[in-house]
Amino acid sequence: MSIRERLYPQEQELSVLVRHCSDARYVWNLALEQRNSWRRRRSLPIPKMLELAKVRKLTWLKEGSSTIQQQALRDLDRAFWNWWKRPDHFGHPIWRRAGINEGFVIRDLSIRRLNRKWGQVFIPKCGWVKFRVTREWRDIQTASSARVTKDRAGRWC
């Protein structure tokens, strides 16, 4: 079950959230480019997560969170799997663009309740970020992962 809660990050946390979004978008687009070139040539192996470790050593990605970057690759794999399995229902994975559907996924979700209306979620390399509790707490506790998104109005959910 998907639950949507509104995040209220502090000023110092905003830059980390934006950084996570750009890292996830960069890794997604890089892997998508490799997959598209693999389809044309068929001689190269399909890119794996092991290659992310090599890219992280050589580029600025080493400053970001590896778990968020790895999840972006998992998301792309799932998108391709859905497309191959049901091409009539799912479209081919597309490029992610800045400012449109910005977001990243947190695995191994850690949350805690502050009071009746507020809770906190742990975001890697950012720390605890407050969110507004609008659902039953037991529904929020059962989630194992969360997608953090920024809409065009600048709100974080």
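Of the 157 residues of the protein, 37% count as buried, in what is a predicted model rather than an experimental one. The chain forms four helices and six strands, and these follow one another from the N terminus in the order β-α-α-α-β-β-β-β-α-β. The points below take up the overall dimensions and surface, then the aromatic rings and the charges over them, and lastly some individual residues.

**Overall form and surface**

- The C-alpha trace of the protein spans about 55 × 40 × 30 Å along its principal axes.

**Aromatic pairs**

- A pair of aromatic rings is described by the distance of the centres and the angle of the planes.
- With a cut-off of 6.5 Å between ring centres, the count comes to seven aromatic pairs.
- One of these pairs joins Tyr8 and Trp118, whose ring centres are 5.2 Å apart and whose planes stand at 75°, so the pair is edge-to-face, given that planes over 60 degrees apart are classed in this way.
- Because Tyr8 belongs to strand β1 (residues 7-8) and Trp118 to strand β4 (residues 118-123), this pair ties together parts that are 110 residues apart in sequence.
- Both members of the pair count as partly exposed, Tyr8 with a relative accessibility of 35% and Trp118 with a relative accessibility of 21%.
- Another pair consists of Phe80 and Trp84, where the ring centres are 5.4 Å apart and the planes are at 40°, so the pair is tilted.
- Phe80 and Trp84 are both part of helix α3 (residues 66-85), in which they are four residues apart, or about one turn of the helix.
- Phe80 counts as buried at 1% relative accessibility, whereas Trp84, at 48% relative accessibility, counts as partly exposed.
- Ring pairs also bring in Trp83, so that Phe80, Trp83 and Trp84 are linked into a cluster.

**Charges over rings**

- The ring of Trp128 has the charged end of Arg112 sitting over it, at 3.9 Å from the ring centre.
- Trp118, the ring partner of Tyr8, also has a charge over its ring, since the charged end of Arg132 sits there at 5.3 Å from the centre.

**Positive phi angles in loops**

- Asp108, although a residue other than glycine, has a positive phi, with a value near 50°.
- The loop that holds Asp108 runs between β2 (102-106) and β3 (111-113), and the residue counts as exposed at 63% relative accessibility.
- Lys125 likewise is not a glycine and has a positive phi, of about 65°.
- The loop between β4 and β5 (127-132) is where Lys125 is found, and with a relative accessible area of 52% Lys125 is exposed.

**Ile3, before the opening strand**

- Ile3 is placed in the segment before β1, and its relative accessibility of 26% makes it partly exposed.
- Although 131 residues separate Ile3 from Thr134 in sequence, the two are 9.5 Å apart in space, C-alpha to C-alpha.
- When neighbours within four places in sequence are left aside, Ile3 is in contact with Arg135, Asp139 and Ile140.

**Cys126, in the loop between β4 and β5**

- Cys126 has its place in the loop between β4 and β5, the loop in which Lys125 is also found.
- Cys126 is buried, because its relative accessible area of 19% falls under the 20% limit, whereas Lys125 is exposed.
- Not counting residues up to four places away in sequence, Cys126 touches Glu13, Val16 and Leu17.
- Between Cys126 and Trp95, which are 31 residues apart in sequence, the C-alpha to C-alpha distance is 26 Å.

Notes:
Residues numbered from 1 in each chain as written. Predicted model: local features only at pLDDT ≥ 70, side-chain atom pairs only at ≥ 80, totals over all residues. Heavy atoms only, no water. Phe/Tyr/Trp six-rings, centres within 6.5 Å; stacked < 30°, edge-to-face > 60°. Helix = DSSP H or I, 4+ residues; strand = E, 2+ residues; numbered from the N terminus. Buried < 20%, exposed > 50% of the residue type's maximum accessible area, 1.4 Å probe, protein only. Lys NZ or Arg CZ within 6 Å of the ring centre and 35° of its normal. Contact = heavy atoms within 4.5 Å.
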